[in-house]
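Q: Could you walk me through the sheet in this model, strand order and edges included, and what packs on it?

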Amino acid sequence: MNEKLCMDGLLLLSYLGNESVSAAFFDPQYRGVMDKMDYGNEGSRQIERAKLPQMGFEDIQVFLENIEKVLKPSGYLFMWVDKFHLCEGTQVNWFETCNKMNLVTMIVWSTEKFGMGYRTRSASEFLLVYQKSPKETKSWEDRSIRDVWTEKIEHPRTGHPHKKPIGLITRLILSVTKPQDIVLDPCAGSFVVLDSCKETGRNFVGCDLSSEYADVCLKEIKWEK
């Protein structure tokens with residue numbers, strides 16, 4: 001725990017105990033939207049994002065099934081989704097086999113930066129919030145988190161092209177977990193969730209396929225239960 005691991009997220013999930021994680025963050029790289037994005041004027045950030053390992057529909061569904069298994073009852077999953085999939089409604093089918101997951105709210109992140117778009121320029125991303133059964137409100141302590149969150153991120157030229165807002169993530173972790181709880185991120189990217197866990201005294205377990213942003217590479221290690 002509490003390391004930047006380079007390994008397959010599904011392998012990591014297979015070694016976590018059932019109902020061992022209090023909260024999870026999931027940020028897939030959606031192959032669907034990358035297939036559709038052909039604006040003709042992509043900036044450097046879009047080009048770098050396209051180089052990241054992409055996930056198809058089946059990949060995302062397998063991840064969600066395994067995240068559901070390791071989440072504690074009433075635990076939360078925070079899943080990033082882009083406007084394309086939100087409007088297409090494809091995210092509804094991802095949980096067909098996860099009958100214990102309940103969509104409870106959505107947070108809009110106003111990035112204060114203009115992105116690409118077919119008709120309107122994108123300036124926001126969307127965070128779907130799921131809760132594993134039993135669904136309850138008492139497990140959400142901070143009632144002052146707004147459903148539109150404004151947080152600007154400076155993207156250095158050498159940094160991760162899809163970094164997420166540490167301020168929002170930190171508030172969410174504090175709201176739904178206790179000190180020393182385990183927070184999961186199987187597609188960690190820039191490992192901003194790890195940074196939030198360090199700030200809040202939570203234990204992080206997570207990884208990314210790209211060795212560029214990790215410190216410990218476990219791709220070649222043979223695991224024994």
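A: Here is a look at the sheet, then at the helices on it.

A quick word on the basis: this is a predicted model, with local features needing pLDDT of at least 70 and side-chain atom pairs counting only at pLDDT 80 or more, while totals for chains, interfaces and linings use all residues. Residues are numbered from 1 along each chain as its sequence is written, and side-chain values use heavy atoms, with hydrogens and water left out.

The protein chain has seven helices and nine strands (DSSP runs numbered from the N terminus: H or I of at least four residues for helices, E of at least two for strands). Nine strands make up an open sheet, in the order 6-4-5-3-2-7-8-1-9 and with mixed pairing; strands pair if DSSP finds at least two bridges between them. The edges belong to strand 6 (148-150) and strand 9 (216-217), each with a single partner strand, so one side of each has no neighbour in the sheet.

Helix 4 (residues 57-70) packs on this sheet, touching strand 2, strand 3, strand 4 (101-110), strand 5 and strand 7. Contact here means heavy atoms within 4.5 Å. The direction of helix 4 makes about 150 degrees with that of strand 3 (axes are lines fitted to C-alpha atoms, for helices over the stretch in contact, with angles from 0 to 180 degrees between N-to-C directions).

Now zoom in on strand 3 (residues 71-81), which runs antiparallel to strand 5 and is joined to it by six bridges. Trp80 sits opposite Leu127 of strand 5. Strand 5 (residues 124-132) also holds Glu125, which counts as buried because its relative accessible area is 15% (buried is under 20%, exposed over 50%, partly exposed in between, with a 1.4 Å probe and protein chains only). The side chain of Glu125 makes a polar contact of 3.4 Å with that of Lys164; such a contact is a pair of N or O atoms within 3.5 Å, where within protein one must be able to donate a hydrogen and the other to accept it, and residues adjacent in sequence count only if both atoms are side-chain atoms.

Helix 7 (residues 192-200) lies across strand 2, strand 7 and strand 8, at about 170 degrees to strand 8. Its buried residues include Val192, Leu194 and Cys197. The buried residues of helix 7 pack against strand 2 (21-26), strand 7 (182-185) and strand 8 (203-208), and also against helix 6 (166-176). Just past helix 7 comes Gly201, with a positive phi of about 75 degrees.
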